[in-house]
Amino acid sequence: MMKKLIHICLWALAVFCLAGCSKPVPDETTVSLDKKGKLTCTYVEDFTKDFYNEIDLEGEIGSEIEAEVGNYNQKFDTPHLKLELFQVEGQRAKMQLVFDEAKYYTDYTGQELFTGTVAEAKEAGYELEGEFLDAEGSLTDLSLLANADQAKALILDLDEVMQVEIPGKVLCVAPTSDVVIVGKNAVSVNEVKQVCIIYE
């Protein structure tokens with residue numbers, strides 16, 4: 001009996017720890033890259049029209065998104081896109097999509113996204129000259145970074161204000177007027193054609 005009780009307690013503890021370790025859903029539109037190259041895109045939309053019913057919105061739009069994701073995955077032998085979340089709370093809707101790699105994000109959204117080293121970015125034709133803003137808020141350029149070609153780069157086309165999270169320490173960002181470093185591994189981006197984040 002005691003052995004069974006210990007097993008139940010350990011199982012409950014494991015479930016509690018897993019639940020406690022889950023990453024909270026951002027409160028603003030966010031693109032997050034992890035160490036394995038997966039992209040989690042959280043879209044947050046406010047709406048104020050009185051005729052929207054939260055249950056109808058979750059049910060109808062959620063079903064449409066699931067169908068769209070399913071149709072996209074039919075292009076491949078294995079799924080590369082997952083609808084992680086769609087929820088409506090009050091007057092705010094949140095949708096979270098997970099892409100296996102950057103290329104699937106680009107394919108699905110039509111927005112360019114590059115991940116790799118600075119050297120690989122240059123080889124791919126990206127222009128990385130000009131001013132960057134470093135973590136201290138000072139202007140810099142890549143020639144001043146030690147081993148700049150080995151640093152990592154995330155280059156993303158945007159059409160809205162959002163936050164971008166990367167799996168390493170932000171070294172510098174561009175353009176300097178539209179991107180603000182808000183944490184060790186996060187930047188806030190105004191509506192801009194393209195953002196470049198260099199990190200280690």
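## The largest pocket

Nineteen residues, counted as 19 in this predicted model, line the largest pocket, and Lys23, Ser32, Thr40, Gln96 and Glu165 lie nearest its centre. Two or more residues of this lining come from each of strand 1 (30–33), strand 2 (39–46) and strand 4 (92–99). Strand 1 gives the most to the lining, with 3 residues.

The volume of the largest pocket is about 400 Å³. Sorted by class, its lining holds 7 nonpolar, 6 polar and 6 charged residues. Rolling a probe the size of a water molecule over the atoms shows where empty space is left.

An open sheet is built from 7 strands in the order 3-4-2-1-9-12-11, and its pairing is mixed. Strand 3 (81–89) and strand 11 (179–183) each have a single partner strand, so one side of each has no neighbour in the sheet. From one strand to the next, the twist averages 15°.

Strands of a sheet pair through backbone hydrogen bonds, either parallel or antiparallel. Serine 32 has glutamate 165 of strand 9 as its bridge partner. Ser32 and Glu165 are also among the residues that lie nearest the centre of the largest pocket.

Strand 10 and strand 13 (residues 194–199) run antiparallel and are joined by 4 bridges. Cysteine 172 has isoleucine 198, in strand 13, as its bridge partner.

## Cysteines

A disulfide is a covalent bond between the sulfur atoms of two cysteines. The count for this model is 0 disulfides, with a cut-off of 2.5 Å between cysteine sulfur atoms. Cysteine 172 is in no disulfide, and the nearest cysteine sulfur, that of cysteine 196, is 7.3 Å away.

Is cysteine 172 buried or exposed? Cysteine 172 is buried, because its relative accessible area is 0% and buried means under 20%. Cysteine 41 is buried too, with a relative accessible area of 0%.

## The loop between strand 7 and strand 8

Asparagine 147 is placed in the loop between strand 7 and strand 8. Its phi is near 50°, a positive value in a residue other than glycine. Asparagine 147 counts as exposed, because its relative accessibility is 59% and the cut-off for exposed is over 50%.

Aspartate 149 also has its place in the loop between strand 7 (139–140) and strand 8 (152–157). With a relative accessibility of 33%, aspartate 149 counts as partly exposed. A distance of 8.8 Å separates the C-alpha atoms of aspartate 149 and lysine 122, which are 27 residues apart along the chain.

## A cis peptide bond

Most residues other than glycine have a negative phi, and most peptide bonds are trans. Which form does the peptide bond from alanine 174 to proline 175 take? That bond is cis, with omega near 0°. Proline 175 lies in the loop between strand 10 (170–174) and strand 11.

Definitions and conventions:
Residues numbered from 1 in each chain as written. Predicted model: local features only at pLDDT ≥ 70, side-chain atom pairs only at ≥ 80, totals over all residues. Heavy atoms only, no water. 1 Å grid on protein atoms, 1.4 Å probe; cavity = no way out; pocket = protein on both sides within 12 Å on 5 of 7 lines; lining within 4 Å. Points joined across faces, edges and corners; volume = space filled by probe spheres on them. Nonpolar A, V, L, I, M, F, W, Y, C, P; charged D, E, K, R; others polar. Pairing = 2+ DSSP bridges. Axes fitted to C-alpha atoms, helices over the stretch in contact; angles between N-to-C directions. Buried < 20%, exposed > 50% of the residue type's maximum accessible area, 1.4 Å probe, protein only.
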